[in-house]
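Work through the exercises below with the sequence and the 3D structure at hand. Each task is followed by a solution in steps.

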Amino acid sequence: MLLTYHNISKTASPSVPPLNTAEALLPHCTTSAPYELLSGHSTNVLTDICSALGDLAAAAGTDEGKMQIKEYLEDGQERGNTDAEGVIHFWEEEWIAE
């Protein structure tokens with residue numbers, strides 16, 4: 001019986017979805033982190049409007065991008081304004097290296 005268990009445990013591997021690093025880091029890209037992360041809604045919205053963290057950093061560095069972030073995050077969400085400001089301020093002192 002022990003041998004059977006050992007063989008089963010070696011062949012059975014748990015199904016672990018691949019980790020998307022950008023999605024894992026995004027909730028932390030706010031000035032309120034690590035005490036308060038971005039809400040799940042804000043994280044989902046930002047992944048919809050920005051295809052990568054670099055895109056988000058670039059958007060947070062322009063007036064047009066800041067308005068877009070605020071518009072999308074504030075739309076019908078209680079924490080939207082707080083999340084938008086936190087994201088924008090987080091990226092203020094960052095530079096994009098290509």
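**Exercise 1. State what percentage of the residues of the protein count as buried, and describe its exposed area.**

Step 1. Of the 98 residues, 27% count as buried; buried means under 20% relative accessible area, exposed means over 50%, and partly exposed lies in between, with a 1.4 Å probe and protein chains only.

Step 2. The protein exposes about 7100 Å², and carbon and sulfur atoms supply 55% of that area. Accessible areas come from the Shrake-Rupley method with a 1.4 Å probe, and for residues only the protein chains shown count as cover.

Step 3. Keep the basis of these values in mind: this is a predicted model, in which local features need pLDDT of at least 70 and side-chain atom pairs count only at pLDDT 80 or more, while totals for chains, interfaces and linings use all residues. Residues are numbered from 1 along each chain as its sequence is written, and side-chain values use heavy atoms, with hydrogens and water left out.

**Exercise 2. List the elements of the protein from the N terminus on.**

Step 1. The protein has six helices and zero strands. Helices (H or I, at least four residues) and strands (E, at least two) are DSSP runs, numbered from the N terminus.

Step 2. The order of the elements is therefore written α-α-α-α-α-α.

Step 3. Among contacts between residues at least 6 apart in sequence, 53% join residues at least 24 apart; contact means heavy atoms within 4.5 Å.

**Exercise 3. Determine how the axes of helix H4 and helix H5 cross, and which residues make the contact.**

Step 1. Helix H4 covers residues 53-60 and helix H5 covers residues 63-74. Their axes come within 6 Å and cross at roughly 110 degrees. Axes are lines fitted to C-alpha atoms, for helices over the stretch in contact, and angles run from 0 to 180 degrees between N-to-C directions.

Step 2. H4 contributes Leu 56, Ala 59 and Ala 60 to the contact, and H5 contributes Gly 65, Lys 66 and Ile 69.

Step 3. By type, these residues divide into four nonpolar, one polar and one charged. Ala, Val, Leu, Ile, Met, Phe, Trp, Tyr, Cys and Pro count as nonpolar, Asp, Glu, Lys and Arg as charged, and the others, Gly among them, as polar.

**Exercise 4. Describe the surroundings of Ile 69 and Ala 59.**

Step 1. Ile 69 is in helix H5, and because its relative accessibility is 1%, it counts as buried.

Step 2. Leaving aside neighbours within four places in sequence, Ile 69 is in contact with Leu 46, Leu 56, Ala 59, Ala 60, Ala 84 and Ile 88. The C-alpha atoms of Ile 69 and Leu 56, 13 residues apart along the chain, are separated by 8.8 Å.

Step 3. Ala 59 is in helix H4 and counts as buried at 13% relative accessibility. Not counting residues up to four places away in sequence, Ala 59 touches Gly 65, Lys 66 and Ile 69. Between the C-alpha atoms of Ala 59 and Ile 69, which are 10 residues apart along the chain, the separation is 7.8 Å.

**Exercise 5. Examine the loop between H2 and H3, including Thr 30 and Pro 34.**

Step 1. Thr 30 lies in the loop between helix H2 (21-25) and helix H3 (40-49). At 3% relative accessibility, Thr 30 counts as buried.

Step 2. Not counting residues up to four places away in sequence, Thr 30 touches Glu 36, Leu 37, Leu 38, Gly 86, Val 87 and Phe 90.

Step 3. Leu 37 is in the loop between H2 and H3 as well, and is partly exposed, with a relative accessible area of 31%. Leu 37 and Gly 86 are 49 residues apart in sequence and 9.6 Å apart in space, C-alpha to C-alpha.

Step 4. Pro 34 is also found in this loop. The peptide bond from Ala 33 to Pro 34 is cis, with omega near 10 degrees.

**Exercise 6. Classify the aromatic pair formed by Phe 90 and Trp 91.**

Step 1. Rings of Phe, Tyr and Trp (its six-membered ring) pair if their centres lie within 6.5 Å; planes under 30 degrees apart count as stacked, over 60 as edge-to-face and the rest as tilted. By this rule the count is one aromatic pair.

Step 2. Phe 90 and Trp 91 are 5.0 Å apart centre to centre, with 85 degrees between the planes, and the pair is edge-to-face.

Step 3. Phe 90 is partly exposed at 28% relative accessible area, whereas Trp 91 counts as buried at 13% relative accessibility.
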